[in-house]
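Reader: Could you walk me through this one? I would like to go part by part, with the terms spelled out as they come up.

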Amino acid sequence: MSTLIPPGMTRRLVVAALAGSAADLAGLGLIASAAWMITRAAEQPPLAALSVAIVGVRAFATSRGVFRYSERLAGHDVALRAQAATRERLYEALIPSGPLSHRGADLLSRMVDDTDAVQDLLVRCLLPAVAALVTGAAAVVIALFLLPAAAFALLAGLVVAGVLLPLGTAAASRRWSARLAPARADLAARVADLVHGSADLAAYGAKGEALAAGMAADDQLAALERRQARVSATAMLTGVLAQGLTVVAIVWICELSGTGPVATAVLALMSLVAFEPVLPLAGAGERLTGVLAALRRLADLRTVPPAVTEPAKPAQVPDGPLTIAVTGLVVRHGTRPPALDGVSFTLAPGHRVAVVGPSGAGKSTLLSALMRTVDYESGNITINGVEARDLASDDVRRLMTGLTQDPYVFQASFKDNLRLAGPEASDADLANAVRSAHLDQWADRTGWDTPLGEDGRTLSGGQLQRLALARALLFDPPVLLLDEPAEALDERTADSLMTDLLDATHGRTTLLITHRLRGLEAVDEILVLEDGHITQRGTHEALVSTNGYYRTLWQAEAMLHS
Amino acid sequence: MHRDLMRSLPRRHLAVCLGAAIVAGLLVLVQAELLAGVLSGRFTVAALLPLALVFGLRGALGWVQCVAAGRTASGVKSLLRHRLLARFQEFSPAEHRSGELVTLTGRGLDALDPYLTGYLPSVAVAAVVPVAVLIRLFVADLATAIIVLLTLPLIPIFGALVGMTTKAVTERQWRALARLGGHFLDVVRGLPTLRAFGRARYQASVIREVAGRHRSATMRTLRVAFLSSLVLELVASLSLALVAVPVGLRLLSGSLDLSTALLVLLLAPEAYLPLRAMGTRFHAAMEGVTAADQAFALLGEDVPERSGRLTAPGGVPEIRLESVTVRYPGREDAALTEVSLVIGAGERVALVGESGAGKSTLLHLLLGFVTPSAGRVLIGGVDLAELDLDAWRRRLAFVPQRPHLFAASVADNIRLGSPAAPAQVRTAAAEAQAAEFVEALPDGYDTVLGERGANLSAGQRQRVALARAFCRPDAEVLLLDEPTARLDGRSESAVLDSTRRLAEGRTAVIVAHRPAMIDLADRVIRLTGGTIVEDHVRPVGGTR
């Protein structure tokens, strides 16, 4: 529990639980005192004998609503706080973890939904259970004073409705959700196929099949849901029976033991009402399964090991012009063969190094290792002699960062999307970065305060790339890393962008990953990365005069440009 | 909308559900009668047996109600989902509202459950049971009946009053809640970018602040909104006190008998209960109504009849655009402006130009995904608007910019829409340079691709999509949208060779960014801002 409820909230939670219990107790008190008053009045005692009960009826009637109101306010306040705290802690746990993008958009949104589970757990499961427990216990204790045998009957009935029944519904719902989840996922996948793949389906005349598959998935889900409805139906039946038979049994016991009409009426009506907070627990049990599964998923997420091990005592951040020396670097993703296997190179201050090579050769992995978003198995990355893994990874990224793969566009204005890379930047700085990234015309046309939509849909692939470049230029790190800056740009723009980029980075320490060779005459060193190894290195002139990947690619490109 | 929804409900199940709910509600009267009788000593202990039976019957009716409600709900959802799915297919693939559609058709419709299984039955009970209780009270004890009759309307009146004053605020608050979730999701998705610029930790405090602001605003609203439930609770419990105390006093004076008094005590709350139950279910139910509204709005939208009946003349056709203008709804600038163009049979045309110049729109035009707002497209001399689109598309092979991979086997993904035999699929894959990596997959061609084909790289996905085109050897017109966009040099040259072979003897329109692709064409058309600015024919086979 302590992991769910943030510090300082226990008191609020207790207040909510007390108010909820008080509301239900007032309900119990109302019916008990009313029953007592009426049956006692029928015995025609002096009026004074009833006065306490009359006061009780009025007091309970008034306080019930007030308690209920306080419970709902306190409960929602706690729930909102708990949800906010859960999200914050989940986010903080995710910061050091690896990339999330491969988890898929749907999984991510489910994760966000999961953070609602804490709210559900508190407001719909925990608080009602506490109130039911308190009310049930109070009713049993009162019954104990009036007629112990009746108290045991009531206890038995309450245990059936408030403990066994919720346990049963929880178990049944666990079984059912195991069957429903794949059916739901299947339907979601079919719907996603129909919607996201509509162009492919239309072009290939395959709509009919996909539609049939979607409908079949829906039919299957509907059939399961129909059968699942029997769980709550049976729970309802059992609950009503437990309540009714308990009341009948209590009246019968009273009759057998010759209990007077006053005590009998109080016992019967109080028992009837004692079930009211208890019966909804069956539904809470049903819900609990989903809530617990969500909480388990969140806990799993929180225990995902961080992508890189942070040093216990981070080293001093080096300053001055930076020399990056990479020696014998080995990076492995999981148990696969190394993505980088013994890579060595040096990036001197003011020098520019380009990395070329086929996709999957390890170019982006190299960049991730430099940015400390993946750990390296062996070898060294030193920054002015300081080992990168001895520095806090945040500090490393303050020194080396730039344009990464899969840049993200936030649901915010264009300006805010830029500004995250330079919170203190002036408008002139922003304008400069945008101009250098060749995004100025677009920005002026679209407007700086235009909100960029979900997934940045208002941006084309090329514009997205340029926004990412503008961010990198605005951040202006001591060592600029650029991962395929011309990716997804048309040839002309790519050419002019690369030209400008090489101009703009003149004299600054830059590592450029690219698949286009034009303009690389200007860089100081080119590394050819194939299969995790550097197979060739040198200047453009040296590489075009040697046989190998670089020359082959250069010739192919040159031929096409002639 | 309610009428639309009502019309879609499966009548029989709904009738059973509501009927059971009403009868079970009325049985409470019998239950009160018997219990009051036994407790007052008017009935003997033997009356406990029928009382137990009444409880049993109520339980059984509850069971029937639940099962029938479940059937109603799943029936309605299924019906709506089928209609929505069918409807999606009529929308143009060029429209982008996929996220909304997927959510609505998936979890969105589940919001109907509380409406159908909780709210509707409670409305039925609220319409019948309080009236029955009142009638019984009038017969039993006039004074009580009058008190209940006078206080009962306070519940709907107060409910409506408070509801009206807080409705707008509450709705704004719930929307803010949804936005809050959206903000959190957005930040989580963008975490790698935030990390790259050292803003990840800072955002944690933003999340906290946004949530804190949201909470205090919400609590302000709830303090008022929950007043409604306070009032309703007070009306119900104070009425009970209002009934019980005079009854007790009249018992004291002997002007009322115990049996009636107990009956009144048991029945009075039952008059209020159904109305309050209906009120508490209202909020959750309204979410379902919103979902249904969205669904019916989509179903009710006019979709222009896009397909004609004519067939274009056989053989590789000539494609002619006559001053075609294309406008997308909600955009100021036209995507294409008065474009006139003749693409001869067997010609290979490269479309070049900056992103947003209209290249993809031109392809979508030929596919019939968008219709010209002015001008016309002629295929072999026949207006595309008059053509049977399905028949026309069967003559095309199309590779989109971001091909979708379906949650199906690789083979089915390649075969898409054609009955190609496994051998044909293999050949197509080989020609698209996909065979090697497909065979390396765990189950080869039978490997099922995950969420949006996530377990393939961008280049591999592109090659699967190319294999689709190769799997239609009879296609006469080839439409390719940047087929090598995300490929490295060597894969690009491999795909290029295949594309060259694929284009042979066919009309090909290729959106090209990379020089190698342009080289494959014998005519290059440059688009800028929706118009053709350059159109030159080059010697067949390019410049090599």
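Author: A term to settle at the outset: helices (H or I, at least four residues) and strands (E, at least two) are DSSP runs, numbered from the N terminus. This is a predicted model, in which local features need pLDDT of at least 70, side-chain atom pairs count only at pLDDT 80 or more, and totals for chains, interfaces and linings use all residues. Residues are numbered from 1 along each chain as its sequence is written, while chains are lettered from A and ligands numbered from 1 in the order in which they are written.

Reader: Fine. Where is A:Asp476, then?

Author: A:Asp476 sits in the loop between helix H15 (461–475) and strand S7 (479–483) of chain A, and its phi is positive, about 55°, although it is not a glycine.

Reader: Is A:Asp476 buried, exposed or partly exposed?

Author: A residue is buried if 20 or more other C-beta atoms lie within 10 Å of its own, exposed if 12 or fewer, and partly exposed in between, with C-beta atoms placed from the backbone. A:Asp476 has 15 other C-beta atoms within 10 Å, so it is partly exposed. A:Arg372 also has a positive phi, of about 60°, without being a glycine, and it lies in the loop between helix H10 (363–370) and strand S4 (378–383) of chain A. A:Arg372 counts as buried because it has 25 C-beta neighbours inside 10 Å.

Reader: And strand S3 of chain A, how many of its residues are buried?

Author: Five of the five residues in S3(A), residues 352–356, are buried. Both faces are covered, with A:Arg352, A:Ala354 and A:Val356 on one side and A:Val353 and A:Val355 on the other.

Reader: Which strands does S3(A) pair with?

Author: Pairing here requires that DSSP finds at least two bridges between two strands. S3(A) runs parallel to strand S8 (residues 509–513) of chain A, joined by four bridges, and A:Val353 has A:Leu511 as its bridge partner there.

Reader: Switching topic, what does UniProt list as "transmembrane region" in chain A?

Author: The unreviewed UniProt entry gives that annotation to residues 12–38, 44–61, 121–146, 152–172 and 233–253 of chain A. UniProt positions are in the numbering used here, feature names are shortened, and annotations may be inferred rather than shown by experiment. In the model, residues 121–146 of chain A are 100% helix and 0% strand, with end C-alpha atoms 36 Å apart.

Reader: And for chain B?

Author: There the unreviewed UniProt entry lists residues 42–61, 116–139, 145–165 and 224–245. Residues 224–245 of chain B are 100% helix and 0% strand, with 31 Å between the end C-alpha atoms, whereas residues 42–61 of chain B are 70% helix and 0% strand, with 28 Å between theirs.

Reader: How many residues of chain A are in contact with chain B?

Author: 123 residues of chain A are in contact with 122 residues of chain B, where contact means that the C-beta atoms, placed from the backbone, lie within 7 Å. Helix H7 (residues 207–256) of chain A supplies the largest share of the chain A side, 24 residues.

Reader: Last one, what is the secondary structure of chain B?

Author: Chain B comes to 18 helices and 10 strands, and its C-alpha atoms fill a box of roughly 115 × 50 × 50 Å along the principal axes.

Technical notes: Two residues are in contact if their C-beta atoms, placed from the backbone, lie within 7 Å.
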